[in-house]
Structure formats: structure tokens, C-alpha cells
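Please examine the sequence and the structure shown below before reading this report.

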Amino acid sequence: MSSSSTAGNWPVVETRRDFLRLAALGGIAIAGGGLAVVSMRREAEVAAKVVSPGFAARLCDIVLPPTGTPGAAQAGVPAFLPEAFRHGLFGGDALTLGRFETILDTKAGSSVFMRCSSAKQVEVLTALDEATFARRAPPPPATSAANAQNSQPGHEPAPAEPLENRLWRTIKDAIVSSYYTTEAGGSQELTFQLIAGDEYRADVQLGTVPYLSNYWMENVF
Amino acid sequence: MTSEFDAIVVGSGITGGWSAKELTEKGLKILMIERGPLIEHQSGYVNEMKSPWEMPFHGFGDANLYKREYFVQSQKRMFFNEYTQQHWVNDKENPYQQAPGSRFDWFRGYQLGGKSLIWGRQCYRWSDLDFSANGRDGIGVDWPIRYADVAPWYDYVENFIGVSGSQEGLEVLPDGNFLPAMELRAAEKSVKAVIEDRFPGRKMIIGRSSNITKQVGDRGPCQYRLLCSRGCTYGAYFSTQSSTLPAAQATGLLTLLTDTVVEGIDHDPVTGRATGVRTLNTKDHARQRFTAKLVVMNAGTINTNAILLRSQSDKHPNGFGNSSGMLGRFLMDHASATSAIGIVHGVDDRTYFGNRPNNIIIPRFRNVGEDKQSFHRGYMFQGAASRRGWKRGGDMAGLGTELKQDLEGPGEWQLFLGAFAECLPNAENRVQLHKNKTDPLGLSQVEISFRYGQNELTALKDAEAEARRMLEAAGCTVVMSSAEPDPGGSSIHEMGGARMGADPKQSVVNSFNQVHDAPNVLVTDGAAMSSTACQNPSLTYMALTARAMDHAVARLKEHAL
């Protein structure tokens with residue numbers, strides 16, 4: 001048995017047969033080089049499109065734009081993101097950006113996301129951002145917090161977070177984490193000082209010392 | 001290279017380094033054998049000074065590689081990362097088995113210095129409450145020693161390694177010879193004041209750490225970088241490389257052999273006493289034998305057990321020194337949980353500068369004095385307050401210039417309290433050799449059986465409730481709490497298997513860490529522990545090691561070993 005449907009407004013594939021049919025209709029590209037592959041998970045999956053040139057850079061610009069210092073795009077994050085996701089960082093994978101662009105295309109109305117005006121792109125992403133972070137992320141299943149929650153009597157596991165929110169959490173975290181660990185984000189936008197030495201202070205008035213990007217524990221890296 | 005030595009030290013971690021130092025300084029010719037590669041102090045710390053942008057994955061590491069090959073080690077996210085991954089074992093290349101239905105995460109560092117390079121550096125004395133606990137409760141075997149036996153050796157060790165901390169006068173946590181204590185942060189001061197006012201008998205104090213706050217010998221003071229697990233060029237925390245190895249090498253009596261695993265202990269077939277060890281080179285698989293009058297087992301709790309279990313013969317049919325049948329049994333690890341996390345209010349105008357490589361603790365208060373609980377023993381809290389960093393930007397609404405401006409400064413204060421609960425000895429928690437699975441070197445894989453008991457679970461429930469009570473009393477907003485124990489092994493305080501006791505029928509080593517069945521073999525790492533207390537154990541390992549070496553050399557000089 002197989003079925004295809006829509007969830008939200010984007011094409012959903014639930015079996016490999018549907019995936020191939022959609023591909024044949026031009027909805028997605030399949031080719032060498034890992035352009036678009038859909039995993040056969042139980043949950044509805046969104047087809048990953050070939051990521052448009054400039055898509056990652058546009059997301060970076062919207063999240064962390066240039067101000068007096070370089071933004072995420074100028075800091076090199078767009079080049080790092082696909083590589084990071086290919087290696088599983090931030091909970092992403094090789095399809096993360098392509099799937100997210102598919103989702104944004106469906107939200108963009110009559111056009112695809114990358115052909116929308118800047119204002120429209122910001123509007124689409126702002127709405128998704130607000131919806132996503134209106135609630136806390138479910139704890140990862142391996143944590144003791146999640147185990148404790150799941151072991152409560154009568155507890156029913158929360159429904160999985162919708163894919164669009166999950167993908168946005170992943171991508172936004174990746175942009176932020178990548179940016180503040182670049183030289184521009186880490187040492188120009190913020191201050192990077194590997195050795196505190198005699199300047200170390202345990203308890204000082206806020207604003208009297210620089211704020212460091214290399215607070216390892218605070219940023220869990 | 002000669003194959004004859006006065007003593008062989010198996011392992012180069014925290015206790016191996018101490019054994020080598022003490023024995024060489026007492027004039028013995030020593031061979032120290034380390035299964036992992038050489039890492040030189042300073043020049044071997046290849047990522048120590050690197051910035052995130054100098055790392056291929058910005059310091060986060062290749063997550064897919066970690067899933068494939070570092071699936072256990074990479075769970076220690078505050079210690080394991082792209083800068084430090086070479087200080088942890090590759091799980092795929094170093095397999096072990098977990099008994100059906102049980103779980104034990106085995107964290108390991110196979111290199112010169114072992115886990116001394118990557119440890120948490122917390123140093124606590126045990127008290128008589130701890131050394132007398134087994135005997136008092138009738139659980140496990142009574143320690144044949146008490147605090148008074150170890151106290152001079154705690155002094156000795158602390159004076160050499162340097163421990164920063166505060167004098168508190170607590171019976172449950174004896175004071176030592178401390179370097180100046182690190183200062184608490186504003187949110188910690190605020191919560192401490194409430195706890196000590198509202199909860200009589202409880203204290204929140206700065207951790208006692210081997211991060212030194214003043215020069216100690218050639219070792220410089222801590223620079224507040226929190227790069228410790230990368231290796232520290234300043235030598236500002238205790239490790240084999242920074243502290244004991246230079247002392248041993250200075251004697252000219254130390255021979256160091258790396259990339260070599262000990263297959264087993266050789267022994268005299270008549271007396272059963274050790275005559276040396278047989279080894280296997282991990283690179284070219286060459287086998288060698290070395291002889292000595294004394295063999296010291298410092299391979300780390302589980303590997304020490306494994307080597308003893310592998311050393312079977314007609315004289316030691318169930319493993320070396322196992323006439324009691326106790327070898328491998330009573331494996332323990334502190335039961336840990338993130339008891340509670342709270343947002344601390346009222347100190348948003350305060351912050352800090354630099355990375356403090358230390359935490360706060362709330363020493364044990366359960367089953368102390370008049371306090372009586374339904375569970376045995378107790379727990380201690382360790383934790384810290386910090387202000388959320390830029391990472392919060394990936395977990396909150398906001399985009400663009402506004403988000404960037406929000407992240408220009410610190411976020412809210414959070415204080416977490418994690419519990420270490422004492423783990424009661426249980427004979428069914430044990431290390432065995434798997435019957436047919438071998439590792440890439442052809443050695444039998446270890447199989448670990450481990451489950452926490454009801455006592456640990458009850459203690460962690462109490463810890464969660466008390467953590468909430470204290471944080472709420474301090475006006476914190478508790479955002480998370482848990483009594484769910486982390487998997488066994490998560491504390492990296494594995495102990496037992498060759499427990500100390502007075503009765504050779506009930507224990508593996510005597511009060512001076514000598515194997516009952518072969519007194520010229522000493523076990524002085526975590527394997528010799530008969531209970532866990534709730535304090536971090538490394539300082540006690542060091543003190544017991546120095547004490548055991550002193551005794552062994554005295555016996556050697558009397559020709560009585």
C-alpha cells in the first residue's frame with residue numbers, strides 16, 4: 001500500500017514508489033551527487049529539492065546580517081553549513097537545506113522562496129521563527145530529562161514536532177553556532193580571548209568586562 | 001632494552017604516574033607500560049591553543065564519525081569534542097560487551113597519562129563516615145582501613161599536586177592543605193546564602209580542584225581557560241605528564257614503554273607470586289616478557305580486572321589472585337543525575353570574565369548526624385551557575401539585527417545541580433571476560449554487567465526533591481528536574497572488582513593493596529575500592545597508591561615481599 005498526500009501545502013512522499021513518481025513529474029531531482037533522496041521514515045517526509053544557489057547565504061543574512069561587523073554570510077557560514085550537515089552536525093543531514101527550501105517554497109505563495117522579495121522572505125521566515133520558538137524544543141530522547149518525562153505514570157509522549165519547525169530549529173542553531181565560531185563572529189562581533197590569566201574575574205559588574213565568545217560551557221562546545 | 005626491572009607499573013594514568021614516581025624516588029628501577037601512544041607534555045597537546053575557526057568542524061567535530069566510531073565517548077560533551085577526541089578511545093576499534101539487559105558506558109583514554117589528561121580534577125578526601133560505611137551497614141566488605149590510616153597520605157598527595165579549595169571544618173568532607181580557593185560567581189553567592197540560612201547543616205562551597213591557584217614547583221597557576229582536556233602547557237592541573245612523570249623521569253630510573261598492552265601476569269607456578277608480565281605491542285603485535293620483583297596494577301578499574309582475569313593458570317585457575325571468587329565482582333559507579341536546573345533572578349547586573357575550570361558543591365547532608373533517611377549512605381551535589389551564551393540564539397525567537405544585538409551580551413543566569421549518589425556494592429555488578437568475543441588484538445573482550453539498585457534510585461529521587469527545594473527557596477525558577485539515573489559508567493568513577501578487605505576469602509587485596517594470593521602484586525587503582533562514598537575518588541586513589549608504594553618498598557628492603 002502506498003499513498004501520497006499533502007501536509008501543509010508541500011508535497012509529501014510516504015513510499016519509495018511515490019518518491020519516484022514525484023521525481024518523474026519534476027517535483028524533485030534525482031541524480032548522482034546526492035542531489036535529492038528521501039528517506040523511508042514512517043513520518044511524512046518532504047522531498048529535498050536541489051538547494052538553490054544563494055539559499056544558505058540568504059538564510060544567513062536574515063538570521064545574522066552584517067551590522068558594524070560582518071554577518072553570517074560574510075563570515076563564511078553558507079559554505080560551512082552544507083558541509084556541517086553532511087557530517088551530521090547540529091542534528092542535520094545532507095537533505096536538511098533542500099527539504100527546508102521545499103517547505104519555504106510552499107509558504108512563499110505564488111512564487112518560490114528565492115524569487116520572493118526580501119521583505120516577503122523575511123515575513124515568511126519570521127512567521128515560522130515565531131511559531132517554532134513559541135514552545136520549547138522537546139528534550140532529546142537520550143537525556144535523563146526525557147527519560148524522566150517519558151516514565152511519568154500516564155505520560156503520553158508528545159507528538160513529534162512538525163517537520164518545518166524541527167528543520168528550522170536545526171538550521172537556525174547551525175547558523176548561530178557556526179557564526180560565533182568563525183573568526184568574524186567570534187573575535188570581531190564578540191571578543192575572543194583564549195587566556196584570561198590575571199584578567200580573570202569571578203564576579204564583576206555587567207558591562208565592565210568584554211563578553212567572550214569562547215565561553216565553552218555556556219555554549220556547550 | 002633490558003627486560004629485568006625492580007618493579008613494573010601497568011598503566012600510566014593517575015595512579016600509574018604516582019606508582020612510578022614513588023617507586024623511582026625510593027630507588028627502584030621501574031618499567032611503566034602504557035597501552036596507548038606517547039603524548040609529550042606541552043608539545044603533544046596539538047589542539048591546545050586552537051580557535052574554533054582553526055578546526056575543520058569549528059570545534060564541534062564530525063558528528064557522523066562520532067556516531068560510527070566514538071558512540072560511547074562522544075556522549076561526554078563537556079570533555080569530548082573536536083579538540084580532545086584524540087584523548088579518548090575509538091569505540092569501534094576497542095569493543096566491549098554489555099551483559100543482556102544491563103548498560104554500562106565505558107569511558108576510556110588510551111594514551112600516556114590515561115584519563116589524567118581528561119579528568120574532572122575534583123579532589124575530595126573521604127571521611128570516616130565513608131571508610132566505616134560498609135562495616136556499619138553490613139553491606140559489602142568492611143574497609144580494613146580508616147581515615148587516620150589515609151590522612152597523612154592525603155596530606156602528602158595534596159602537597160605535591162596542589163589542590164585549591166576552602167577550609168570548611170566539615171566532618172563529612174575533611175579539610176586538607178589547600179591553595180587559595182576560587183571565588184564563587186554572583187548567582188552562586190546568592191543561592192549559597194539562602195541555602196545556608198534556610199537549610200541548617202548544608203553548605204554550598206567552591207569545588208576542591210587540582211587546578212592550582214598558585215605556582216607549584218615548575219607548574220604555573222591556572223589561566224582560567226577551561227581547555228584542560230586538551231592538555232595544559234602551563235601544567236596548571238594535575239596530570240601524569242605535568243606532575244608525576246617528570247618527577248619519575250628525574251630519577252633516571254624510569255623506563256617507559258608505550259603502545260604496549262599487558263596480556264597477563266607471569267608467576268612462579270609453585271608460590272603463585274608474580275615474576276613479571278607478558279606484553280603485546282599494539283602496532284606490530286610483537287610479544288615480549290619482562291620480569292620484576294613487584295608488579296603494580298594501575299590499568300584503570302576495568303582493565304585491571306581484565307588483566308587479572310586473563311592471567312589464568314593452574315595456580316590461578318579463575319584469574320590471578322581470585323581464590324576468593326570475588327575478582328571482577330562489586331563493580332560500582334556513582335549514580336548520577338541532573339537533579340535540577342533553575343534560573344537565578346536578581347543578579348542580572350553581575351557577570352564574570354574568563355572560564356573557571358571548577359564547580360560548586362553541596363557536600364553530603366543525608367544520613368549525617370541526626371538526619372536519617374530510608375536509603376543508605378548519601379549523595380553530594382556538584383554544579384555551577386553561568387549566564388547563557390550566544391548558543392541561546394539558536395533556541396529563541398528573533399532574527400536579524402535585533403537578534404545579533406541580543407547576543408552581544410550574556411543571557412539569563414542558570415544554576416544546575418547534578419547529584420553523585422553513593423553506589424552500594426552488589427556482587428552481580430561485575431566485569432567478566434566474554435567467552436568467545438575478542439578484540440582486534442585477539443584478547444578476550446570485557447563483558448560488563450551493571451544495574452543500579454533501589455537504594456541508588458531512592459537517593460536520586462531525594463536528590464531531585466531537595467535540589468528543587470533549595471533552588472525554589474532561593475527564588476529560582478526551576479526549569480527542569482530529574483531523578484533518572486544516567487547510564488552506569490557515566491560518572492567515570494568506576495570502582496571495584498578487586499576490593500580491599502581483611503579476609504582473603506571475601507576480598508582480593510589487603511589493607512596495603514597487596515593481592516592476598518600474591519603479595520608482590522599491588523592493585524592501587526579504582527579496582528581496589530570496596531565502596532564509593534559520594535565524593536570523586538581520584539584523590540583517594542592517589543593517597544592509597546602512595547601509601548601502598550611506601551609499604552611495599554619497606555617490605556622489599558626487609559626482603560619480606
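The report below describes the chains, the sheet, the nonpolar cores and the contact between the chains.

## The two chains

This is a predicted model. Chain A consists of 221 residues, of which 38% count as buried. Its secondary structure amounts to nine helices and four strands. Read from the N terminus, the elements follow the order β-β-α-β-α-α-α-α-α-α-α-β-α. When contacts in chain A between residues at least 6 apart in sequence are considered, 53% of them join residues at least 24 apart.

Chain B has 561 residues, and buried residues make up 59% of them. Eleven helices and 20 strands form the secondary structure of chain B. The radius of gyration of chain B is 23 Å, close to the 24 Å that the globule rule gives for 561 residues, so chain B is as compact as a globular protein of that length. Along the principal axes, the C-alpha atoms of chain B fill a box of roughly 75 × 55 × 50 Å. Of the contacts in chain B between residues at least 6 apart in sequence, 72% join residues at least 24 apart.

## A sheet in chain B

Strands of a sheet pair through backbone hydrogen bonds, either parallel or antiparallel. Chain B contains an open sheet of six strands, in the order 4-12-13-14-10-17, with antiparallel pairing. Strand 4 (205–206) and strand 17 (477–481) of chain B stand at the edges; each has a single partner strand, so one side of each is left without a neighbour in the sheet. Within the sheet, strand 12 (residues 360–362) of chain B pairs with strand 13 of chain B in the antiparallel sense over three bridges. Ile361(B) stands opposite Gln382(B), which lies in strand 13 of chain B.

Two helices of chain B may be considered together with these strands. Helix 6 of chain B packs on the sheet, where it touches strand 10, strand 12, strand 13 and strand 14 (413–421) of chain B. The direction of helix 6 of chain B makes about 60° with that of strand 14 of chain B. Helix 10 (residues 454–473) of chain B lies across strand 10, strand 13, strand 14 and strand 17 of chain B, and runs at about 10° to strand 10 of chain B.

## The nonpolar cores

In soluble globular proteins, nonpolar side chains tend to be buried together. In this model, the largest nonpolar core has 150 residues. The residues with the most contacts inside this core are Ala7(B), Ile8(B), Val10(B), Ile30(B), Val295(B) and Met297(B). Helix 11 (residues 538–557) of chain B gives the most to this core, with ten residues.

Leaving aside residues up to four places away in sequence, Ile30(B) touches several residues, including Phe5(B), Ala7(B), Leu23(B) and Leu254(B). A second, separate core of 53 residues includes Ile175(A), Leu212(A), Phe80(B) and Leu399(B).

## Where the chains meet

How many residues does the contact take from chain A and from chain B? Chain A provides 54 residues and chain B provides 59 residues. Several elements of chain B each supply at least two residues to its side, among them helix 2 (63–69), helix 6 (186–198) and strand 11 (350–353). The side of chain B that touches chain A divides into 23 nonpolar, 18 polar and 18 charged residues.

Strand pairing also links the chains: strand 4 (residues 201–205) of chain A and strand 11 of chain B pair in the antiparallel sense over three bridges. Val204(A) stands opposite Thr351(B), a residue in strand 11 of chain B.

How values were computed
Residues are numbered from 1 along each chain as its sequence is written. Chains are lettered from A and ligands numbered from 1 in the order in which they are written. This is a predicted model: local features need pLDDT of at least 70, side-chain atom pairs count only at pLDDT 80 or more; totals for chains, interfaces and linings use all residues. A residue is buried if 20 or more other C-beta atoms lie within 10 Å of its own, exposed if 12 or fewer, and partly exposed in between; C-beta atoms are placed from the backbone. Two residues are in contact if their C-beta atoms, placed from the backbone, lie within 7 Å. A nonpolar core is a set of buried Ala, Val, Leu, Ile, Met, Phe, Trp, Tyr and Cys residues joined through C-beta atoms within 7 Å. Ala, Val, Leu, Ile, Met, Phe, Trp, Tyr, Cys and Pro count as nonpolar, Asp, Glu, Lys and Arg as charged, and the others, Gly among them, as polar. Two strands pair if DSSP finds at least two bridges between them. The radius of gyration is taken over C-alpha atoms; the globule rule is 2.2 Å times the number of residues to the power 0.38. Axes are lines fitted to C-alpha atoms, for helices over the stretch in contact, and angles run from 0 to 180 degrees between N-to-C directions.
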